[in-house]
Amino acid sequence: FGIEGGPVALVAKDLTILSPGYTEPLLEKVNFTINPGDKVVLWGPHASGKSSLADVIYRTAEAYSGRVE
């Protein structure tokens with residue numbers, strides 16, 4: 001299992017995530033880069049967008065705006 005050409009970074013650009021039924025974003029205009037080998041912890045209070053961010057990264061949900069590359 002691998003990606004042709006080797007490991008790549010995970011990049012989020014201007015990512016905004018809404019939860020169904022809510023008008024206020026869980027996350028708004030988030031930008032980050034996770035390079036191969038980086039260790040990341042998603043930590044925050046209940047209903048702060050951690051699982052929603054993971055869903056967008058794994059493409060089981062779509063962002064309201066922005067993108068993950």
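In which strand is the place of Lys29? Lys29 sits in strand S2, residues 27-34. Strands are DSSP runs of E with at least two residues, and helices are runs of H or I with at least four, both numbered from the N terminus. The model is predicted: local features need pLDDT of at least 70, side-chain atom pairs count only at pLDDT 80 or more, and totals for chains, interfaces and linings use all residues. Residues are numbered from 1 along each chain as its sequence is written, and side-chain values use heavy atoms, with hydrogens and water left out.

Most residues other than glycine have a negative phi. Lys29 is not a glycine, yet its phi is positive, about 50°. Lys29 is exposed, at a relative accessible area of 59%. Here exposed means over 50% relative accessible area, buried means under 20%, and partly exposed lies in between (1.4 Å probe, protein chains only). Asp14 belongs to strand S1, residues 10-17. Asp14, also not a glycine, has a positive phi of about 50°. Its relative accessibility is 43%, so Asp14 counts as partly exposed.

The largest nonpolar core has seven residues: Ala12, Leu15, Ile17, Leu27, Leu53, Val56 and Val68. Such a core is a set of buried Ala, Val, Leu, Ile, Met, Phe, Trp, Tyr and Cys residues joined through side-chain atoms within 4.5 Å. S1 and helix H1 (50-57) are the elements that give two or more residues to this core. S1 gives the most, with three residues. Ala12 touches Val30, Asn31, Phe32, Arg67 and Val68, leaving aside residues up to four places away in sequence. Contact here means heavy atoms within 4.5 Å.
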